[in-house]
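Here are some friendly notes to read alongside the model.

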Amino acid sequence: MMHPTEEILKELCKPAQLQRLLKIESPPLLWLVLRSLVLLLSKEPDMAREIRTLLPAVMEALRFANTSITLKVLKIFRNIMRHLGKRHASSIALKLAVKILPLFNHVSSEVRDNSIYLFKDLMDAVLWYKKGNMKNVVCKALLPLLFQMSDKTTSVAQASGEALVACAKFLKWEELEHWAQEENTVGIRMCLLHQDKMSVKGYLRQSLPYLKDSQASLRCEAVKFIGLAVQYSREQSKEVLDEICSALQPLEDDVYLSVRFLAAQTIQTLTHRRQQAPSAGSRLSALCCWPCMAI
């Protein structure tokens, strides 16, 4: 646990040695290796280009789902991305973006902060011919970033707002960029729902886990979005509305009054819609009978 000596840091400068050490299956020992690598890069920034072949192995350290190891991995990548040109950074940017997306709502605010800023850097690192694939990942990040703008940790909320602006620029979505720059969550919600009606169902699915978030502000944001999304899309089946109501019901006993009020109000609206909505089976029957009726 001691501070690595100059001799150890020199030994770490050998990529072959690092490759072997990064395969260690013991989290405490792997943490020490990553910590030494962070120190090495802080002392020798030029090493970033020399050890770029090790980036896949560094990324694989995320498999342990250990907060300390995760933080070290994020710091290593944030450091390295500053020193690698697009030609080298682009090869791993897409894979890494997919890996860190779930970290936006990590229990550690420091992990949330670092993962969101790294995601922003990764968008800049992608070469033009890979932007199509990155676009799919960026679209999946929009809703989580909107929710994290309500994070109780100021640095995370700020990082989320900045990243959402960067996402809008990447997607060349001027309306979203405008509302994100204004930090107008109402405008952002409406913008996401108006852009593509086919995406509404995906957004609803993406919102449901946030109803169990530890932060009341994020639970509130999720309920608001779900209520608006269901009102906006009038093609939800009775089964989907039942699922959403079931997910919302525990919030009627939430410790926070604002969450309880929003949940009860949204459930009431959904119950009314559910009474009018056809079931998936009845809609299928109607579609099957339609040609016969036409004849």
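1. Let us begin with a pair of helices. Helix 7 (residues 86-100) packs against helix 8 (residues 109-125) at an angle of about 140 degrees, and their axes are 8 Å apart. Helices here are DSSP runs of H or I with at least four residues, numbered from the N terminus, while strands are runs of E with at least two. Axes are lines fitted to C-alpha atoms, for helices over the stretch in contact, and angles run from 0 to 180 degrees between N-to-C directions.

2. Before going further, a word on the source. This is a predicted model, in which local features need pLDDT of at least 70 and side-chain atom pairs count only at pLDDT 80 or more, whereas totals for chains, interfaces and linings use all residues. Residues are numbered from 1 along each chain as its sequence is written, and side-chain values use heavy atoms, with hydrogens and water left out.

3. Back to the pair: helix 7 and helix 8 are oblique to each other. Angles under 35 degrees count as roughly parallel, over 145 as roughly antiparallel, 65 to 115 as roughly perpendicular and the rest as oblique.

4. Which residues of helix 7 and helix 8 make the contact? From helix 7 come Lys86, Ala89, Ser90, Ala93, Leu96, Ala97 and Ile100, and from helix 8 come Ser115, Leu118, Phe119, Leu122, Asp124 and Ala125. Contact means heavy atoms within 4.5 Å.

5. Next, look at Thr70, which lies in helix 6 (residues 67-83). Is Thr70 buried or exposed? Thr70 is buried, because its relative accessible area is 3%; the cut-offs are under 20% for buried, over 50% for exposed and partly exposed in between (1.4 Å probe, protein chains only). Not counting residues up to four places away in sequence, Thr70 touches Leu62, Ala65, Leu103 and Val111.

6. Now find Ile244 in helix 15 (residues 238-248). Ile244 counts as buried too, at 3% relative accessibility. Leaving aside neighbours within four places in sequence, Ile244 is in contact with Leu204, Ile226, Val230 and Leu270. Ile244 and Arg205 are 39 residues apart in sequence and 9.0 Å apart in space, C-alpha to C-alpha.

7. Finally, step back to the whole chain. The secondary structure comes to 17 helices and zero strands, and 47% of the 295 residues count as buried. Among contacts between residues at least 6 apart in sequence, 69% join residues at least 24 apart.
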